[in-house]
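Thanks, everyone. Let's take a quick walk through one fold. Please look at the screen.

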Amino acid sequence: MILVVAGTGTGVGKTAVTAAVAAAHRGRTAVLKPAQTGAVPGEAGDADEVAHLVPGTAVCELARYPDPLAPATAARRVGRAGVRAADAADAARALARENDLVLVEGAGGLLVRLHAAGDTLADVAAELGAPVLLVVRAGLGTLNDTALAAEAVAARGLACAGTVIGNLGVRPDLAVRCNLADLPEVSGLPLLGALPEGAPACRPRAFAEVAQAALAPPLGGRWRAPRRPGRVPVPEPVVR
């Protein structure tokens, strides 16, 4: 199976969620990062973070650009065109031949350009015929962001597995508690988890435990979405 992990924006927790899904999966898993920005050769990128949190996960990065910009823009600044959706899809299929689950993690949001020709992560999903998992924020503004991203997915005829909150604070305020209850109705998609703040600081064994507690059964965990605003179960990561 190939699953495309996209965000409603930058900094929503895509890499942490990608790692959590990999940790919760019981088979062979690979992670593909079509474009890594904001990192020079030798520095750890998002794929490296997943490999650290989930030992044994195969990781692959197709392109790397030093400027922390949208991939197509960062590529242009170093005289390159970027990564074509078809090439990213081919790389994902190659990984799928040796792994049960391939996670394709985007950069920024769903429609951020990967190539000068306009290719986006949504185009990668279309090339693959793969479902999209949307990583979303928890706080104010997420209902609109998530609804817009869900509409963009549907408008392109893509399947969407659901949403996951990428960074849930240990003391959710009223807006967050209401958003957890409202997100499925507003987006028309199931809420499949909420990764707690600080999870990426865990060591691998603790991170695997957090992933199980923070993801819903369709993603290999045991988390249950609240039906109404109220107490939100937040698995607290323990570094060990």
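Let's start with helix 1. Its residues K14, T15, A16, V17, T18, A19, A20, V21, A22, A23 and A24 are buried. Buried means under 20% relative accessible area, with a 1.4 Å probe and protein chains only. Helices here are DSSP runs of H or I with at least four residues, strands are E runs of at least two, and both are numbered from the N terminus. With 11 of its 11 residues buried, helix 1 is largely enclosed by the rest of the structure.

A word on the source. This is a predicted model: local features need pLDDT of at least 70, side-chain atom pairs count only at pLDDT 80 or more, and totals for chains, interfaces and linings use all residues. Residues are numbered from 1 along each chain as its sequence is written, and side-chain values use heavy atoms, leaving out hydrogens and water.

In what order do its strands run? The order is 4-2-6-1-7-8-9, in an open sheet of 7 strands with parallel pairing. Two strands pair if DSSP finds at least two bridges between them. At the edges sit strand 4 (58–61) and strand 9 (191–196), each pairing on one side only. Neighbouring strands are turned by 20° against each other on average, direction ignored. Axes are lines fitted to C-alpha atoms, for helices over the stretch in contact, and angles run from 0 to 180 degrees between N-to-C directions.

Look at strand 6 (residues 101–109). Strand 1 (residues 2–7) runs parallel to strand 6, joined by 5 bridges. I2 has V102 of strand 6 as its bridge partner. Strand 2 is also parallel to strand 6, with 4 bridges. There, L32 partners V104. Strand 6 is mostly covered, with 9 of its 9 residues buried.

Last, the helix pair. The axes of helix 6 (residues 142–155) and helix 7 (residues 174–187) come within 9 Å and cross at roughly 25°. That makes the two helices roughly parallel, a term for angles under 35 degrees. Which residues make the contact? From helix 6 they are T142, L143, T146, A147 and A150; from helix 7, N179, D182, L183, V186 and S187. Contact means heavy atoms within 4.5 Å. The contact residues divide into 5 nonpolar, 4 polar and 1 charged. Ala, Val, Leu, Ile, Met, Phe, Trp, Tyr, Cys and Pro count as nonpolar, Asp, Glu, Lys and Arg as charged, and the others, Gly among them, as polar.

How values were computed:
Parallel < 35°, antiparallel > 145°, perpendicular 65-115°, else oblique. Buried < 20%, exposed > 50% of the residue type's maximum accessible area, 1.4 Å probe, protein only.
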